[in-house]
Amino acid sequence: MTKYCSSCGKPIYENTVICPNCGCVVAGAGDPLEDKPSIGLRILSFLFPIVGLVLFCVFLGSEPTSAKSYGLWGLVGCIAGCCAIMII
Ligand SMILES: [Zn+2]
């Protein structure tokens, strides 16, 4: 499977980040701007740690930064939940 460089139009491998022909960063290949954890999903991970765990597994491949954030919030939510149970 090949795709084409958005800058020079030459065929490049799908997982290529920097075009070997023109040296430009290929659009869409691990774009860091798209790897932003959603606040709503982080709150959801906090309230329901199991959701955080699922989101962590789902996003780990495509958005590792977001995945770690959801996993962390899930963990914090889990610890907070355990503390609340012990206090009550
Ligand atoms: Zn190129």
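This is a short tour of one predicted protein model, from the whole chain to single residues.

Residues are numbered from 1 along each chain as its sequence is written. Because the model is predicted, local features need pLDDT of at least 70 and side-chain atom pairs count only at pLDDT 80 or more, while totals for chains, interfaces and linings use all residues.

**Whole chain.** Show the protein chain as a cartoon. There are 3 helices and 2 strands, in the order β-β-α-α-α from the N terminus. Helices (H or I, at least four residues) and strands (E, at least two) are DSSP runs, numbered from the N terminus. Of the 88 residues, 19% are buried. A residue is buried if 20 or more other C-beta atoms lie within 10 Å of its own, exposed if 12 or fewer, and partly exposed in between, with C-beta atoms placed from the backbone.

Select S7, in the loop between β1 (2-4) and β2 (11-13). S7 has 14 other C-beta atoms within 10 Å, so S7 is partly exposed. Leaving aside neighbours within four places in sequence, S7 is in contact with C19, C22 and C24; contact means that the C-beta atoms, placed from the backbone, lie within 7 Å.

**α1 and α3.** Next select residues 39-47 (α1) and 64-87 (α3). These helices pack at an angle of about 35°, with axes 6 Å apart. Axes are lines fitted to C-alpha atoms, for helices over the stretch in contact, and angles run from 0 to 180 degrees between N-to-C directions. On the α1 side, L41, R42, S45, F46 and L47 take part; on the α3 side, S69, Y70, W73, G74, V76 and G77.

**α2.** Select residues 49-59 and colour P49, G52, L55, F56 and F59, the buried residues of this helix. Seen down the axis of α2, they fall within an arc of 115° (taken from the directions from the helix axis to the C-beta atoms), so they line one face. The buried residues of α2 pack against α1 and α3. On the face turned away, find the exposed residues I50 and C57.

**The core.** Which residues make up the largest nonpolar core? Select F46, L55, F56, F59, A67, Y70 and W73. A nonpolar core is a set of buried Ala, Val, Leu, Ile, Met, Phe, Trp, Tyr and Cys residues joined through C-beta atoms within 7 Å. Finish at Y70: not counting residues up to four places away in sequence, Y70 touches P37, L41, R42, S45, G52, L55, F56 and F59.

Definitions and conventions
Two residues are in contact if their C-beta atoms, placed from the backbone, lie within 7 Å.
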